[in-house]
Amino acid sequence: MKQLFILAHDTARRGAVAAVSNAPEGHVVTIAEPTRSLNANAAMWPILQALSDQLTWPVNGQMVKMSPEEWKDVTTAGFQNETARLAMGLTGGVVMLGLRTSKMGKRRFSEYLDFLHAVAAERGVVVYPDEVPA
């Protein structure tokens, strides 16, 4: 049975300690920052869609429209100062390793959302057209 404790108060901490003390041999304990919320995740996609709809980007030497998922790859690499590791693909292409927003905690993902908004603003991308003053 899986148990989850949010360490928000002493009662939760005591419950977590008791669960660890009573866990069978070989069970695993992980203490981690909370992951992003569904609302935070949902906030990312309109920005990526706006980038996809409004910009072209150099891919394989040509200026092309990229999908929101491809923009997520590019912006995640940019957010991490493009320090991703590159591996050769199975058929000779290039694959970026280790860039996963799903591994970001709430604080880091919030910083990534701020970065996305800045990227869109720097490039004149309108994310929420209904909010643009007439």
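The legends below describe close-up views of a predicted model.

View 1. Helix H3 covers residues 68–79. Its end C-alpha atoms are 16 Å apart, which agrees with the 16 Å that twelve residues should span at 1.5 Å a residue. The buried residues of H3 are Pro 68, Trp 71, Lys 72, Thr 75, Thr 76, Ala 77, Gly 78 and Phe 79. Helix H2 (38–54), S1, strand S4 (94–97) and helix H4 (106–122) are among the elements that cover them. Just after H3, Asn 81 has a positive phi of about 55°.

**View 2. Thr 101 in the loop between S4 and H4.** Thr 101 lies in the loop that joins S4 and H4. Its relative accessibility is 1%, so Thr 101 counts as buried, the cut-off being under 20%. The side chain of Thr 101 makes a polar contact of 3.1 Å with the side chain of Lys 72, a residue that is itself buried in H3. Beyond its neighbours within four places in sequence, Thr 101 is in contact with Arg 36, Lys 72, Thr 76, Phe 109 and Tyr 112.

**View 3. Ala 40 in helix H2.** Ala 40 belongs to helix H2. Ala 40 counts as buried because its relative accessible area is 18%, and the cut-off is under 20%. From Ala 40 to Val 95 the C-alpha distance is 27 Å, with a separation of 55 residues in sequence.

**View 4. Asn 60 between strands S1 and S2.** Asn 60 sits in the loop between strand S1 (57–59) and strand S2 (62–64). Asn 60 is not a glycine, yet has a positive phi of about 50°. With a relative accessibility of 81%, Asn 60 counts as exposed.

**View 5. The largest pocket.** The largest pocket holds about 810 Å³ of space. Its lining is made up of 21 residues, and Gln 3, Leu 4, Phe 5, Val 29 and Thr 30 lie nearest its centre. By class, 16 of the lining residues are nonpolar, three are polar and two are charged.

**View 6. The second largest pocket.** About 510 Å³ of space lies in this pocket. It is lined by 16 residues, with Val 59, Asp 73, Val 74, Val 94 and Met 96 nearest its centre. S1, H3 and S4 each supply at least two lining residues, and the largest share, four residues, comes from H3. The lining divides into eleven nonpolar, one polar and four charged residues.

Terms used: Residues numbered from 1 in each chain as written. Predicted model: local features only at pLDDT ≥ 70, side-chain atom pairs only at ≥ 80, totals over all residues. Heavy atoms only, no water. Buried < 20%, exposed > 50% of the residue type's maximum accessible area, 1.4 Å probe, protein only. Expected span 1.5 Å × (residues − 1). Contact = heavy atoms within 4.5 Å. Polar contact = N/O pair within 3.5 Å; in protein donor to acceptor, adjacent residues only side chain to side chain. 1 Å grid on protein atoms, 1.4 Å probe; cavity = no way out; pocket = protein on both sides within 12 Å on 5 of 7 lines; lining within 4 Å. Points joined across faces, edges and corners; volume = space filled by probe spheres on them. Nonpolar A, V, L, I, M, F, W, Y, C, P; charged D, E, K, R; others polar.
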